[in-house]
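Subject: Structure handover

Hello,

Here is the structure I promised to pass on. Please open it next to this email and read along.

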Amino acid sequence: KEDVKVNFENGVLALEGERFMEKEEKKNRFHKIERGYGKFVRRFSMPSEIDAEHVVANFKDGVLTVHLPKSKASARKTIEVKAA
């Protein structure tokens, strides 16, 4: 949770963070440890009808969930078709 930052600005959702991985393997004749780490940034262009005030991000069991609700102004409107 502390290693991930979520930012929504000007219609762009940005996810930033750092990942750390350590893999250890022990056998009869050797002991091997691999470590991987690094920073990542992902940016996604979102539709203009996202309500930036109500964007919510949750982190649970290693899964990040971002909820991007549509704004009320972008509600669907049905237009009646008239026959001539």
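How many bridges pair strand β4 with strand β5, and in which sense? Five bridges join β4 (residues 56-60) to β5 (residues 63-67), and the sense is antiparallel. A note on terms: strands are DSSP runs of E with at least two residues, helices are runs of H or I with at least four residues, and both are numbered from the N terminus. Two strands pair if DSSP finds at least two bridges between them.

Before the rest, the ground rules. This is a predicted model, in which local features need pLDDT of at least 70 and side-chain atom pairs count only at pLDDT 80 or more, while totals for chains, interfaces and linings use all residues. Residues are numbered from 1 along each chain as its sequence is written, and side-chain values use heavy atoms, with hydrogens and water left out.

Overall layout

The protein chain has five strands and zero helices. From the N terminus, the order of elements is β-β-β-β-β. The C-alpha trace spans about 85 × 25 × 20 Å along its principal axes. The radius of gyration of the protein chain is 22 Å, whereas a compact globule of 84 residues would have one near 12 Å. That radius is taken over C-alpha atoms, and the globule rule is 2.2 Å times the number of residues to the power 0.38. Of the 84 residues, 11% count as buried. Buried means under 20% relative accessible area, exposed means over 50%, and partly exposed lies in between (1.4 Å probe, protein chains only).

The three-stranded sheet

β1, β2 and β3 form an open sheet in that order, with antiparallel pairing. β1 and β3 (31-45) are the edge strands, each pairing on one side only. From one strand to the next, the twist averages 15°. Angles here run from 0 to 180 degrees between N-to-C directions, and the axes are lines fitted to C-alpha atoms.

Now the pairs. β1 (residues 4-9) and β2 (residues 12-26) are joined antiparallel by six bridges. Lysine 5 has glutamate 16 of β2 as its bridge partner. Two residues sit between the strands of this hairpin, and asparagine 10 takes a positive phi near 55° there. β2 and β3 also run antiparallel, joined by 15 bridges. Glutamate 24 stands opposite isoleucine 33 of β3.

Alanine 14 belongs to strand β2. Is this residue buried or exposed? Alanine 14 is buried, at 7% relative accessible area. Its C-alpha atom is 8.9 Å from that of serine 45, which is 31 residues away along the chain.

Salt bridges

There are five salt bridges in the structure. The criterion is a side-chain nitrogen of Lys or Arg within 4 Å of a carboxyl oxygen of Asp or Glu.

One of them joins arginine 35 and glutamate 22, at 3.3 Å from N to O. Arginine 35 is in β3 and glutamate 22 is in β2, so this pair ties together parts 13 residues apart in sequence. Both arginine 35 and glutamate 22 are exposed.

Glutamate 25 and lysine 32 form another, with 3.6 Å between the closest N and O atoms. Lysine 32 also meets glutamate 34, at 3.5 Å from N to O. Glutamate 25 is partly exposed at 24% relative accessibility. Lysine 32 is partly exposed at 35%, and glutamate 34 is partly exposed with a relative accessible area of 35%. A network of salt bridges links Glu25, Lys27, Lys32 and Glu34.

Phenylalanine 59 has leucine 64 of β5 as its bridge partner. The hairpin has two residues between its strands, and aspartate 61 takes a positive phi near 55°.

Which residues make the nonpolar surface patch? Val6, Phe59 and Leu64 make it, with an area of about 220 Å². Patches are made of residues with over 30% relative accessible area and no salt bridge; like charges are joined within 9 Å, and nonpolar side chains (Val, Leu, Ile, Met, Phe, Trp, Tyr) within 5 Å. Accessible areas come from the Shrake-Rupley method with a 1.4 Å probe, and for residues only the protein chains shown count as cover. Valine 6 lies in β1. It counts as partly exposed, at 33% relative accessibility.

Best regards
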